[in-house]
Amino acid sequence: MTWLWFHKLASPPHFYRIAGRWLPWLGWSAAVLGVTGLVWGLVLAPSDYQQGEGYRILYVHAPSAWLSTFTYTTMAVSAAVGLVWRMNVAHSVSASCAPLGASFTFVALATGSLWGKPMWGTWWEWDPRLTSELLLLFLYLGYMGLRSAIEDQTRADRVCALLAIVGVVNVPIIYYSVEWWNSLHQAPSVMKFGKPTMPASMLVPLLMMFAAGTLFAATMVLMRARGEILRRERVGTWLEAAVGESVALTGEKR
Amino acid sequence: MSGTPSLFEMARLQMVRDLRLALRRGGEWLQPLVFFLVITTLFPLTFDSQLSRLRDVAPAALWVSALLSSLLALELLFRDDALDGTLEQLAVSGTPLSWVLLAKTAVHWLLTGLPLVLMAPVVAGALGAPYEAIPGLLLPLALGSITLSLIGAIGAALTLGLRRGGVLLGLLTLPLTVPVMIFGAGASVRIIAGQSAAGPLYLLAAVAVLALALAPLAIAAAVRINVE
Amino acid sequence: MEAFLTWLAMGKYALYVWSSFGLTVAVVLLNIHWARRSFRDASEVARRRLAMRRSDQ
C-alpha cells in the first residue's frame, strides 16, 4: 500500500508523465531561488572580515561540491535499484546523472582553484578535499566512457550500474585514504575559515544556492531521464502519443 | 570423494587448468614483469641516477610501475575464456561463479603479481633502498598486488568484450586503486626511512581483506551481465 | 556609479570572483542546452523507430 507510489514510478509512461508535470515547477523554482541567491550573495551579503569580497566564491563553490557528491550518490542508488529490480526507469535516471555530476565536479574544482589562488597563494593544493574531488571527476569520466563504449542499451545499463555501485563503495575509502595521506605529508597548513558560525545575512543566500542547485539537478536529471526512457521503450501507444506531443512542442518553440 | 566435488576441489581444478594453459601459452605472462623492469629503469634515467637521491622516489617508482604492469596484465585475465565460451560455461555450471572467478584471479596473481613482488627487492636495491629495508618491502607489495589484481579483475570483467577496452580499463581501474597506492607507498616510504610501518600496513591489510570479500561478488556480477 | 564600480572590483578579487560566477553560470546554461538536446534527440530516435515499425507492418 505504502509502496504503491514506488511501483507506479517504475512504470515508464507514468514516470514520463509525472516527470513532465514536475519539470516546469522544479525548473522555475530553481531559477527564482538561484537568481535571488546570486544577487543576495553578490550584492547584499556583507564582506567577510578575513577574506573580504573573495569569500563570495563560496556561493558557487560549495553548492557545486555538494552537487558533485549528491549526484554521484543518486546515480549509484538508482543504479542499484535498476540492477536489483531490473527497472528501466531507474537506469534512465542513473544514466542522466553522470553528465550533470561530472560538469559540477569540474565547476567545484575550477572555482576551488580560483578561490585558492588569492587565499592560499596557489592555484592548486594537494589538499584531501581537492584531491578526492579530482578522483571523483575521474570516476564520472570512467562511467561515461564505459557507457559510451557499449552499444547494447540493456547491457550498458547493467554494466554501468555495477560500476557506479563499485565506485560508491570506494568513495569513502578514497576520501579517508587521501585524508590519511595528507596528514603523512604534512602539507602546508591550509587556511581555516573562522568559526562555522556564519551570520544569517551570509548563511541565508548560501542555503538558497544549495536549494537552487539541488532543484536544478533534479530538473536536469528528470529532463534527461524522460529522453532516456524514450530511448529504452520499444512499443506502446503511449510512446506514440508522447513522441508526437514532444516533437510538436519543440517544433513550436523553434 | 564421489558425486559433486567440494568447493575447494573445484577451485583447485580450475587453478590447475588455468596454470597449465598459461604455461603452455609461452612467455605471455612474463611480459608484465618485463614491463615492470623497463618502467623502473626509466626512473633513474629521467629523475637522477644518484642512488642517494633515487631513494626518495623509489617507493613511487615501485608502486606506479607495479600498478601499470598489473593493468597491462589484466587484458589476459578473461580474454581467452571469453572468446572460447569457457566463461559462459562457468556461469551456468552451478558452481558459485564468484568462487571460480576468485580462483582464476588467484592464478592470475600467481603468474603476474608474484613474480613482480619477488623481483621488487632487486629493483628497490637498484633504486637505492638500503639493504636492511629490502625484505620489509615485500610485505606491502604482496598485500597491495593482491588487492590490485582483485580491483583490476572487476575492471576487466566490466570491459569484457569491448573493442577499445584497454584505455577504458585504465580509466575505470586507476581511481579505484588510490587507497592501495596511498597505503602501499606510505608503508614503503616508512620502511625505506627505517621507521615502523605498522599503521599503513594494517590499513593495507584491511583494504586487502575488504577486496577479497567484496571484489569476487562484483567480478561475478559483471561477468554474468557480459556473457548473458 | 562609483558604488557600482567598487562592487565590480570586489575588493581586489574581481578576476577570481567574476570568473568563478561566470564559469558556474556558463556550465548551468550548457547543462540546460545539453539536456534539451539530449531529450530532443531521444524523441527523434523514438519517433523514427516507431515510423519504421509502422512501415514494416
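How many helices and how many strands make up the secondary structure of chain C? The secondary structure of chain C consists of two helices and zero strands. The model described here is a predicted one.

## Chain C

Along the principal axes, the C-alpha atoms of chain C fill a box of roughly 70 × 20 × 5 Å. Of the 57 residues in chain C, 26% are buried.

## Chain A

Chain A contains eight helices and zero strands. Followed along the sequence, its elements give the pattern α-α-α-α-α-α-α-α. Of its 254 residues, 46% count as buried.

The contacts inside chain A can also be sorted by how far apart the partners stand in the sequence.

## A residue in a loop of chain A

A:Arg86 lies in the loop between α3 and α4 (88–120) of chain A. The phi angle of A:Arg86 is near 50°, which is a positive value in a residue other than glycine.

Is A:Arg86 buried, exposed or partly exposed? A residue is buried if 20 or more other C-beta atoms lie within 10 Å of its own, and exposed if 12 or fewer do. A:Arg86 has 13 C-beta neighbours inside 10 Å, and therefore counts as partly exposed.

## Which chains touch

Two pairs of chains touch, and the pair with the most contacts is that of chains A and C. Chain B and chain C, by contrast, do not touch, and their nearest C-alpha atoms are 24 Å apart.

## The contact between chains A and C

In this contact, 36 residues come from chain A and 25 residues from chain C. On the side of chain C that touches chain A, α2(C) gives the most, with 21 residues. Sorted by class, this side of chain C has 16 nonpolar, seven polar and two charged residues.

One helix pair may be examined in detail. Helix α3 (residues 58–85) of chain A packs against helix α2 (residues 14–56) of chain C at an angle of about 40°, and their axes are 9 Å apart. Why are the two helices described as oblique? Angles under 35 degrees count as roughly parallel and those from 65 to 115 as roughly perpendicular, while an angle between these ranges is oblique. With an angle of about 40°, α3(A) and α2(C) are therefore oblique to each other. Their crossing is left-handed. From α3(A), the contact is made by A:Val60, A:His61 and A:Ser64, and from α2(C) by C:Ser20, C:Phe21 and C:Thr24. By class, the contact of these helices has two nonpolar, four polar and no charged residues.

## The contact between chains A and B

Here, 24 residues of chain A are in contact with 20 residues of chain B. Both α5 (128–149) and α6 (153–185) of chain A supply at least two residues each to the side of chain A that touches chain B. The largest share of that side, 15 residues, comes from α6(A). In terms of class, the side of chain A that touches chain B has 18 nonpolar, four polar and two charged residues.

Definitions and conventions: Residues are numbered from 1 along each chain as its sequence is written. Chains are lettered from A and ligands numbered from 1 in the order in which they are written. This is a predicted model: local features need pLDDT of at least 70, side-chain atom pairs count only at pLDDT 80 or more; totals for chains, interfaces and linings use all residues. Two residues are in contact if their C-beta atoms, placed from the backbone, lie within 7 Å. Helices (H or I, at least four residues) and strands (E, at least two) are DSSP runs, numbered from the N terminus. Ala, Val, Leu, Ile, Met, Phe, Trp, Tyr, Cys and Pro count as nonpolar, Asp, Glu, Lys and Arg as charged, and the others, Gly among them, as polar. Axes are lines fitted to C-alpha atoms, for helices over the stretch in contact, and angles run from 0 to 180 degrees between N-to-C directions. Angles under 35 degrees count as roughly parallel, over 145 as roughly antiparallel, 65 to 115 as roughly perpendicular and the rest as oblique. A crossing is left-handed if the near helix is turned anticlockwise from the far one by less than a right angle, and right-handed if clockwise.
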